[in-house]
Amino acid sequence: MEEFNNNYRRKKSRWTSLWKMIGRLKLSIIFIVILVAIIASAYLVRACKDNKTSVYVNDKIDITPTQVLAMKEIGEWEFLSIEDEEMVDTVRKGFFKDDELIRIYYGTLRLGFDMRETRNDWIKADNDTLNITLPDIKLLDENFIDEARTKSFFESGSWSDKDRAEMYKRAYVKMKARCLTKENIENARENAQRQFKQMLKAMGFEYVNINFDNQHKR
């Protein structure tokens with residue numbers, strides 16, 4: 001029995017020594033891992049110390065040739081339409097009585113421009129802004145008098161086609177003088193700027209500067 005107890009104590013002592021050794025080994029491993037982590041952290045801090053972090057924001061915008069072509073293919077673009085009517089009269093002196101002709105002319109003058117008349121460098125990108133130069137406002141259709149609606153208000157005597165053609169010319173000049181005013185042209189420009197900016201905003205361009213050809217030369 002005593003021998004058995006002695007064997008048991010020797011085995012127990014060996015197991016105790018083994019567990020102590022394993023415990024010391026675990027502590028050594030943990031210490032090594034912590035040491036490696038500290039060294040690695042110190043290295044990374046030193047490596048990044050002299051480096052500067054910079055954020056680059058690309059504000060430059062690009063407009064494609066397809067987008068430019070699509071805008072030019074709009075062609076004529078109307079921004080202001082003006083209805084007008086003019087009364088023109090002429091009198092021819094006679095021996096016994098005078099002949100008189102009074103006619104009323106109706107017309108619609110359309111102000112705008114033709115996108116196909118833009119110059120080569122009409123659109124430029126400057127960082128996040130589009131700088132655009134549009135053709136200046138003009139009369140889109142020179143034949144604005146509606147001859148089908150023209151009527152004689154009063155007519156006495158006999159009148160030739162030449163007489164009526166001369167009255168047509170007078171009505172034409174009066175309509176242009178009445179409608180192609182500085183105020184109407186400026187209104188058309190403002191409408192053009194607003195509509196063009198709306199179109200470009202729908203295409204994804206937020207900042208747009210718009211000018212017109214020869215705007216400051218008139």
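Tutor: A residue is called buried when its relative accessible area is under 20%, exposed when over 50%, and partly exposed in between, using a 1.4 Å probe and protein chains only. Helices (H or I, at least four residues) and strands (E, at least two) are DSSP runs numbered from the N terminus. The model is a predicted one, in which local features need pLDDT of at least 70, side-chain atom pairs count only at pLDDT 80 or more, and totals for chains, interfaces and linings use all residues. Residues are numbered from 1 along each chain as its sequence is written, and side-chain values use heavy atoms, with hydrogens and water left out.

The part to look at is strand β4. Of its 6 residues, 5 are buried, so β4 is largely enclosed by the rest of the structure. Two strands are said to pair if DSSP finds at least two bridges between them. Strand β4 covers residues 129–134 and pairs with β7 in the parallel sense, over 6 bridges. Within this part of the model, Ile132 stands opposite Ile210 of β7. Strand β7 itself runs over residues 207–212, with Val208, Ile210 and Phe212 on its covered face and Tyr207, Asn209 and Asn211 on the uncovered one.

The bridge partner of Asp126 is Thr129 in β4. The hairpin of β3 and β4 has 2 residues between the strands, and Asn127 takes a positive phi near 55 degrees there.

A charge sits over a ring if NZ of Lys or CZ of Arg is within 6 Å of the ring centre and within 35 degrees of the ring normal. The charged end of Arg189 is placed over the ring of Phe212, 6.0 Å from its centre. Arg149 likewise lies over the face of Tyr106, at 4.3 Å from the ring centre.

Now the wider setting. The protein chain has 4 helices and 7 strands, in the order α-α-β-β-β-β-β-β-α-α-β along the sequence. Of its 218 residues, 28% count as buried. With contact meaning heavy atoms within 4.5 Å, residues 24 or more positions apart make up 79% of the contacts with a separation of 6 or more.

Aromatic rings come next. Rings of Phe, Tyr and Trp (its six-membered ring) pair if their centres lie within 6.5 Å; planes under 30 degrees apart count as stacked, over 60 as edge-to-face and the rest as tilted. The count by this rule is 7 aromatic pairs. Trp77 and Phe196 form a tilted pair, 5.7 Å centre to centre with 40 degrees between the planes. Because Trp77 is in strand β1 (residues 76–92) and Phe196 in helix α4 (residues 182–202), this pair ties together parts 119 residues apart in sequence. Trp77 is buried at 14% relative accessible area, and Phe196 is buried at 0%. Phe144 and Tyr172 make a stacked pair, with 4.5 Å between centres and 20 degrees between planes. Phe144 lies in the loop between β5 (138–139) and β6 (151–155), while Tyr172 is in helix α3 (residues 161–179), 28 residues apart. Phe144 is buried, with a relative accessible area of 4%, and Tyr172 counts as buried at 19%. Ring pairs also link Trp77, Phe79, Phe113, Trp122 and Phe196 into a cluster.

Charged side chains give the last set of links. A salt bridge is a side-chain nitrogen of Lys or Arg within 4 Å of a carboxyl oxygen of Asp or Glu, and the count is 18. In one of them, Arg178 meets Asp84 with the closest N and O atoms 3.7 Å apart. Arg178 is in helix α3 and Asp84 in strand β1, so this bridge ties together parts 94 residues apart in sequence. Asp84 counts as buried at 12% relative accessibility. Arg92 and Asp99 are joined by a salt bridge of 3.0 Å, N to O; Arg92 is partly exposed at 30%, whereas Asp99 counts as buried at 15%. Lys169 and Glu166 form another, with the closest N and O atoms 4.0 Å apart. Those two residues are 3 apart in helix α3, a separation of about one helical turn. Salt bridges that share partners join Asp84, Glu86, Lys174 and Arg178 into one network.
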